[in-house]
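Work through the exercises below with the sequence and the model side by side. Try each task before reading its solution.

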Amino acid sequence: MNGTNAPFNLNRLPTGRYDTVCSPEAFAEMCGVSDDTVMGWIKTGTVPAVKMADSQLINLERLCEDLEQGKDLFAEGDYDND
């Protein structure tokens, strides 16, 4: 099971000032899901991510901007073109 359908727990995401990116492991802890779930979200374009060196990182800045603009549903493919 890759967990790509696990719900976000948005209550633990940073508010106000936040880092631009974070590791999948840190994001998993914030959302209350497994690391594998977050990796599935990255692979399916469900969350915004950037590749830096050999690592995939969650683009928190983009995610929080989308949340601030009212986005409340994240689906596979939302961030495929990032």
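**Exercise 1: strands**

Val 50 stands opposite Leu 57 in S3. The model is predicted, so local features need pLDDT of at least 70 and side-chain atom pairs count only at pLDDT 80 or more, while totals for chains, interfaces and linings use all residues. Residues are numbered from 1 along each chain as its sequence is written, and side-chain values use heavy atoms, with hydrogens and water left out.

Task: find which strands pair with S3 and in which sense.

Solution. Begin with the terms: strands are DSSP runs of E with at least two residues, helices are runs of H or I with at least four, both numbered from the N terminus, and two strands pair if DSSP finds at least two bridges between them. Strand S2 (residues 49–52) is joined to S3 by four bridges and runs antiparallel to it. Strand S1 (residues 21–22) pairs with S3 (residues 55–59) over two bridges, also in the antiparallel sense, and here Cys 22 has Ile 58 as its bridge partner. Finally, look at the hairpin of S2 and S3, where two residues lie between the strands and Ala 53 takes a positive phi near 55 degrees.

**Exercise 2: aromatic pairs and the core**

Solution. Rings of Phe, Tyr and Trp (its six-membered ring) pair if their centres lie within 6.5 Å, and planes under 30 degrees apart count as stacked, over 60 as edge-to-face and the rest as tilted. The structure holds two such pairs. Phe 27 belongs to helix H1 (residues 24–31) and Trp 41 to helix H2 (residues 35–43), 14 residues apart.

Turn next to the core, a set of buried Ala, Val, Leu, Ile, Met, Phe, Trp, Tyr and Cys residues joined through side-chain atoms within 4.5 Å, where buried means under 20% relative accessible area, exposed over 50% and partly exposed in between (1.4 Å probe, protein chains only). The largest one has 16 residues, and Phe 27, Val 38, Trp 41, Ile 58 and Leu 60 have the most contacts inside it.

**Exercise 3: Asn 59**

Task: decide whether Asn 59 counts as buried or exposed.

Solution. Asn 59 lies in strand S3, and its relative accessibility is 18%, so Asn 59 counts as buried.
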